[in-house]
Amino acid sequence: MSEEVAVRTATPGDRLAVRRLVDGAVLSVPDLDARIEAGDVLLAVRSDGGDGRTGRPLGTLVCEPIAGGWEVVAVAVRRSRRDRGIGRALVEAAGEREGRLVAEFDASVEPFYESLGFAIQPVDDEDRYRGEFD
């Protein structure tokens, strides 16, 4: 079942919520504050039917600019809200905003990126993959 969400660019006031989502997913994003300042972080919030600014944070997507698009650095969704379309909504919003997306990821999340239409290639012998979406 899909969760009703609104996706928007995270603001400096969202730092704590974004940090909690990233930490809760046990991900490391060393330059997270800089990414938020640069406008390279999206936040999914529970849709309240309004402007999307007041709903509870459900997930986040952190990117870094690359030539012609964005590299997805991290996708984090609250554990209790996974498998409800929030990660998909975040990646789709990033694609609509930037067009070309690339991501490097572990084998465990390959099905997620494949389901979104990423062209996936193995990176090395350590079950790492790289996907690209235009």
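User: What does the side chain of Arg8 make a polar contact with?
Analyst: The side chain of Asp14, at 2.7 Å. A polar contact here is a pair of N or O atoms within 3.5 Å, where one must be able to donate a hydrogen and the other to accept it; residues adjacent in sequence count only if both atoms are side-chain atoms. This is a predicted model, where local features need pLDDT of at least 70 and side-chain atom pairs count only at pLDDT 80 or more, while totals for chains, interfaces and linings use all residues. Residues are numbered from 1 along each chain as its sequence is written, and side-chain values use heavy atoms, leaving out hydrogens and water.

User: Is Arg8 buried or exposed?
Analyst: Arg8 counts as buried because its relative accessibility is 12%. Buried means under 20% relative accessible area, exposed over 50%, and partly exposed in between, with a 1.4 Å probe and protein chains only.

User: And where is Arg8 found?
Analyst: In strand E1. Strands (E, at least two residues) and helices (H or I, at least four) are DSSP runs, numbered from the N terminus.

User: Switching to the sheet: what's the strand order?
Analyst: It's an open sheet of seven strands, E1-E2-E3-E4-E5-E7-E6, with mixed pairing. Strands pair if DSSP finds at least two bridges between them. E1 (5-9) and E6 (119-122) are at the edges with a single partner strand each, so one side of each has no neighbour in the sheet.

User: How do E6 and E7 pair?
Analyst: In the antiparallel sense, over four bridges. Ala119, for instance, has Glu132 in E7 as its bridge partner.

User: Now the aromatics. How many pairs are there?
Analyst: Five aromatic pairs. Rings of Phe, Tyr and Trp (its six-membered ring) pair if their centres lie within 6.5 Å; planes under 30 degrees apart are stacked, over 60 edge-to-face, and the rest tilted. One of the pairs is Tyr113 with Phe118, edge-to-face at 5.0 Å centre to centre and 80° between the planes. Both Tyr113 and Phe118 are buried.

User: Which residues have the most contacts inside the largest nonpolar core?
Analyst: Leu61, Trp70, Tyr113 and Phe118, in a core of 20 residues. Such a core is a set of buried Ala, Val, Leu, Ile, Met, Phe, Trp, Tyr and Cys residues joined through side-chain atoms within 4.5 Å.

User: Which element gives the most to this core?
Analyst: H3, with four residues. Apart from this core lies another, of 13 residues, including Ala10 and Val29.
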